[in-house]
Structures are given as structure tokens and as C-alpha cells.
Amino acid sequence: MLIGASATAQRNATGTFKQFPLPNPGSGPTTIAVAPDGTLWFTEAAGNRIGRMAQDGSGLKEFDLPHPGSAPRIITVGSDGNFWFSEHLGNRMGRITHTGIITEFDIPTPSSQPRATALGRDGNVWFGEFAGGKIGRVTPEGAITEFPIPTPNSGPRALAAGPDGNIWFSEFHASKIGRMTMDGKVTEFDLPRPNSGPGDITAGADGSMWFVELNGRMDDRVVDGNRVARITLDGKVTEFPIPSTSGSPINIAVGPDRNIWFTKAGRLGRVTPDGVITEFEVPTPNSGPTGLTAGSDRRPPDQLIDKLWFTESAGNKLAYLEFK
């Protein structure tokens with residue numbers, strides 16, 4: 001059930017987790033999104049499937065992708081009511097209906113490695129091409145347009161819709177955050193440190209954009225991040241170091257309490273608007289928590305559910321953290 005933003009202000013994490021194992025071993029659940037009816041939809045990168053499940057664990061159904069080895073990565077609800085997802089190794093954008101019918105659309109740039117997806121205010125789904133160095137846009141009918149990023153080989157790793165109506169994205173190789181208008185005009189903002197490795201990004205409840213800075217060896221580079229950062233809509237960046245030193249933050253989202261939350265090795269992290277970070281150990285330490293959501297779905301948070309759902313890629317489970 002979706003709840004209005006104002007109703008979530010006083011919710012607090014209870015520290016109670018609930019896990020749901022997936023039936024096929026090694027599925028590698030990666031990211032998760034919430035439908036308007038509260039149903040969960042998720043990608044299985046290793047299993048090459050899209051999954052659907054009710055929040056009580058019932059009604060689980062998995063849908064195989066047409067092409068093997070497509071590695072579905074990020075999933076988001078589109079303006080057409082269907083779910084859209086990137087095929088990281090298949091070089092396609094996919095669309096799945098509520099009955100499980102899948103349609104795929106080839107990306108013009110070869111081997112572009114699409115990753116992040118987000119619904120834009122124009123009603124189209126936007127996506128980043130990590131290897132292609134471009135931001136793409138796909139209409140509900142499947143027409144794709146690509147927009148180059150000014151900095152070559154910038155590595156757009158993640159993107160999200162901002163409260164200003166623009167698409168904001170991280171440039172992993174360039175240590176920049178980019179902002180793109182609906183007509184493809186790009187503004188880039190340098191981060192304070194040249195090897196910070198910006199990754200997943202989302203719109204915060206405070207009207208700013210928040211993102212993680214990865215840590216260690218990622219995509220054939222060693223980066224020195226291990227931070228959560230905030231960038232205002234005019235480009236001012238503030239970084240907050242994560243207390244735990246091992247592992248790397250992976251994904252980021254607004255939680256039911258309207259704070260920022262992130263996944264990291266064996267834990268979930270909470271970040272308050274003033275940058276105070278608290279970490280919570282998940283029940284299975286080596287489960288590899290990856291994607292997480294409370295319904296904001298990489299767009300400005302307007303409706304959130306009362307659970308913070310996340311995938312456990314290594315543990316082959318879906319799970320949630322309870323809020324009261």
C-alpha cells in the first residue's frame with residue numbers, strides 16, 4: 001500500500017527484518033521497484049529474469065527474458081503503467097506488462113552497457129549508457145534517442161529524476177555529477193575529490209540530490225569514496241564519510257522515514273538531512289544487499305510505502321526493514 005508523503009514523517013526503523021528466499025538458486029536479484037498497487041517487481045541479473053511478488057511473499061512469479069545473458073539491471077515503472085528495465089549486457093531496454101509480456105528495444109550505440117533507469121517528467125523513461133558515454137531516452141512506444149555527455153568516457157553509472165524536472169546523473173570515471181534538461185542540454189559539476197567514484201543517485205525529500213561514492217576496485221578502477229554526498233540543485237556538494245570502512249556503498253533511496261538510505265556490505269545505512277549516518281546489520285552478513293526502495297523509484301519522493309525493501313544478490317532473497 002502506498003502512503004502519502006506527509007504520513008511518513010514520524011516513521012522510524014524498528015530494526016526488524018523479514019526475508020523471502022527466491023526459488024531458483026543463483027538468481028542474483030539486483031534492483032526492486034514498487035507498483036502503484038503495492039506489488040514488487042525486481043530484476044534477476046544472474047538468472048536473466050524479471051520477478052513479481054506481493055509484499056507478503058505470495059504470488060511470486062518469474063519471467064524469463066527472450067535473450068540469454070541479457071543481465072537485467074535497473075527497473076522502474078513507466079508512465080504507461082508497465083515496468084521498464086535495462087539489459088546491461090544485452091544492449092537493450094525492456095518493457096514488461098503486468099501479465100508478463102516482454103518487449104525489447106535495441107539501443108543504437110553498440111555495447112553501451114545501459115544501467116540506471118528513471119521516469120522523467122516528460123513521461124519517457126531515461127537511462128544511462130555506462131560504456132556508451134550517453135544518456136538515453138525511450139518513449140512508451142519504444143523510440144530511443146541518445147544524448148552525448150560533454151566529458152568523454154565519463155561513465156554515467158546512475159541517474160534519477162530531480163525535483164527541478166531535470167535528469168541528474170553520476171559520472172563515475174570523471175568524478176562529476178551531471179544535470180540534463182529534457183532537450184538534452186548538459187551541465188556538469190566537479191566533485192571535491194578527483195577519484196571519488198560517484199555511483200547511485202536519487203532525489204531526497206529535502207529537495208536536493210543525494211548519491212553514494214563507491215569504494216575500492218569497481219569497473220577496473222580503484223576509487224576512494226566510501227561516502228554519501230548531497231548536491232543542491234545549483235551544484236553545491238557536501239560529502240559525509242561512512243563510519244564502516246569495509247566494503248562499498250551500492251544503492252541509495254529515500255526510506256519510509258524520508259531519510260536517505262543506502263546498501264553496503266552486510267548492512268543498510270541511514271543518513272539524516274544533516275549528514276548523521278547510522279548503520280544497521282542485515283540478518284545474513286554475506287547476503288550482498290544491493291538495490292533498495294520504499295517506492296520513490298528514482299524520482300522525487302511523493303508516495304512511499306511503510307517498508308524499505310532491498311535485494312540480497314548473494315543471498316538470493318528479497319527482504320525488507322520494518323518501520324513503525
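Predicted model: local features only at pLDDT ≥ 70, side-chain atom pairs only at ≥ 80, totals over all residues.
I begin with the aromatic side chains. The structure contains 13 aromatic pairs. One of them joins phenylalanine 20 to tyrosine 320 in a tilted arrangement, with 6.2 Å centre to centre and 35° between the planes. Phenylalanine 20 belongs to strand E2 (residues 13–21) and tyrosine 320 to strand E30 (residues 317–323), so this contact ties together parts that are 300 residues apart in sequence. Phenylalanine 20 and tyrosine 320 are both buried. Together with Trp309, Phe20 and Tyr320 form one aromatic cluster.

A further tilted pair is that of phenylalanine 130 and phenylalanine 172, at 6.2 Å centre to centre and 50° between the planes. Phenylalanine 130 lies in the loop between strands E12 (125–129) and E13 (134–138), and phenylalanine 172 in the loop between strands E16 (167–171) and E17 (176–180), so the pair ties together parts 42 residues apart in sequence. Phenylalanine 130 counts as buried because its relative accessibility is 6%, under the 20% cut-off. For phenylalanine 172, which is buried, the relative accessible area is 0%.

Each of these two rings also has an arginine over it. The charged end of arginine 157 sits over the ring of phenylalanine 130, 6.0 Å from its centre. Over the face of phenylalanine 172 lies arginine 221, at 5.3 Å from the ring centre.

How many cavities of 30 Å³ or more does a search of the whole structure find? The search finds one. The largest cavity holds about 60 Å³ of space. Strand E23 (252–254) and strand E27 (289–293) are the elements that give two or more residues to its lining. By class, that lining has four nonpolar, three polar and two charged residues.

Technical notes:
Residues numbered from 1 in each chain as written. Heavy atoms only, no water. 1 Å grid on protein atoms, 1.4 Å probe; cavity = no way out; pocket = protein on both sides within 12 Å on 5 of 7 lines; lining within 4 Å. Points joined across faces, edges and corners; volume = space filled by probe spheres on them. Helix = DSSP H or I, 4+ residues; strand = E, 2+ residues; numbered from the N terminus. Nonpolar A, V, L, I, M, F, W, Y, C, P; charged D, E, K, R; others polar. Phe/Tyr/Trp six-rings, centres within 6.5 Å; stacked < 30°, edge-to-face > 60°. Buried < 20%, exposed > 50% of the residue type's maximum accessible area, 1.4 Å probe, protein only. Lys NZ or Arg CZ within 6 Å of the ring centre and 35° of its normal.
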